[in-house]
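Hi,

Here is the structure I promised to pass on.

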Amino acid sequence: MVEADTCKPSGKLRGKKPPPGKCNKGHDSDCCQEGKFYNTYTCSPPVSSHTKATLTLNGFGPKEDGGGPCECDNNYHKDSELIVALSTGWFNKKKRCMNYINIHGNGKTVKAKVVDECDSTMGCDDEHDYQPPCANNIVDASDAVWDALGVYGDKRGEMEIYWSDV
């Protein structure tokens with residue numbers, strides 16, 4: 001098992017207050033706070049056959065909390081697809097794009113396609129929907145992934161999981 005604390009912050013980013021009407025708070029997303037410092041990361045913990053991570057909830061469609069089109073194919077996706085975004089280090093300069101990972105959580109396993117990056121190096125700007133940078137250990141998943149893991153309603157948001165490349 002590999003722990004998330006093996007990758008240290010690479011810097012800090014000062015938060016900016018989102019302009020009126022910006023920062024979609026869907027899926028319990030956080031908005032940047034004026035003057036608050038957020039850690040940034042260029043790395044993620046090493047990947048193993050049993051990599052510990054935090055599963056979060058993301059919308060991959062237009063005007064959802066995921067921001068712009070997905071990094072891998074420059075398209076939006078439906079929440080009914082088994083898809084994820086990975087923290088910057090795990091996204092590995094698009095090397096995992098359109099590849100599958102196995103996610104183990106809540107006593108179940110689901111196979112999901114990597115379509116996007118959960119940016120750990122930038123945030124608090126229009127491109128990132130005025131949300132803080134992602135932590136370095138995030139698997140940001142669609143509703144379909146949470147459904148497949150048997151997690152519903154207000155139980156969604158953050159959950160400890162393990163993942164591996166397929």
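To start with the cysteines: which residue does a disulfide join to Cys32? The partner is Cys124, with an S to S distance of 2.0 Å; a disulfide here is a pair of cysteine sulfur atoms within 2.5 Å.

Before going further, two housekeeping notes. This is a predicted model, where local features need pLDDT of at least 70 and side-chain atom pairs count only at pLDDT 80 or more, while totals for chains, interfaces and linings use all residues. Residues are numbered from 1 along each chain as its sequence is written, and side-chain values use heavy atoms, with hydrogens and water left out.

Back to that link. It is left-handed, with -90° about the S-S bond. Cys32 sits in the loop between β1 and β2 and Cys124 in the loop between β6 and β7, 92 residues apart (helices, H or I of at least four residues, and strands, E of at least two, are DSSP runs numbered from the N terminus). Cys32 counts as buried at 4% relative accessibility, and Cys124 does at 0%. For these labels, buried is under 20% relative accessible area, exposed is over 50%, and partly exposed is in between (1.4 Å probe, protein chains only).

Searching the whole structure turns up 4 disulfides. Among them is Cys7 with Cys43, sulfur atoms 1.7 Å apart, and that link is right-handed at 90°. Cys7 is buried at 7%, whereas Cys43 is partly exposed at 27%. Another is Cys72 with Cys97, at 2.1 Å and left-handed at -85°. That pair ties the loop between β3 and β4 to the loop between α1 and β5, and both cysteines are buried.

If you click on Ile103, look for its contacts (heavy atoms within 4.5 Å): beyond its neighbours within four places in sequence, they include Val84, Val139, Leu149 and Trp163.

Cheers
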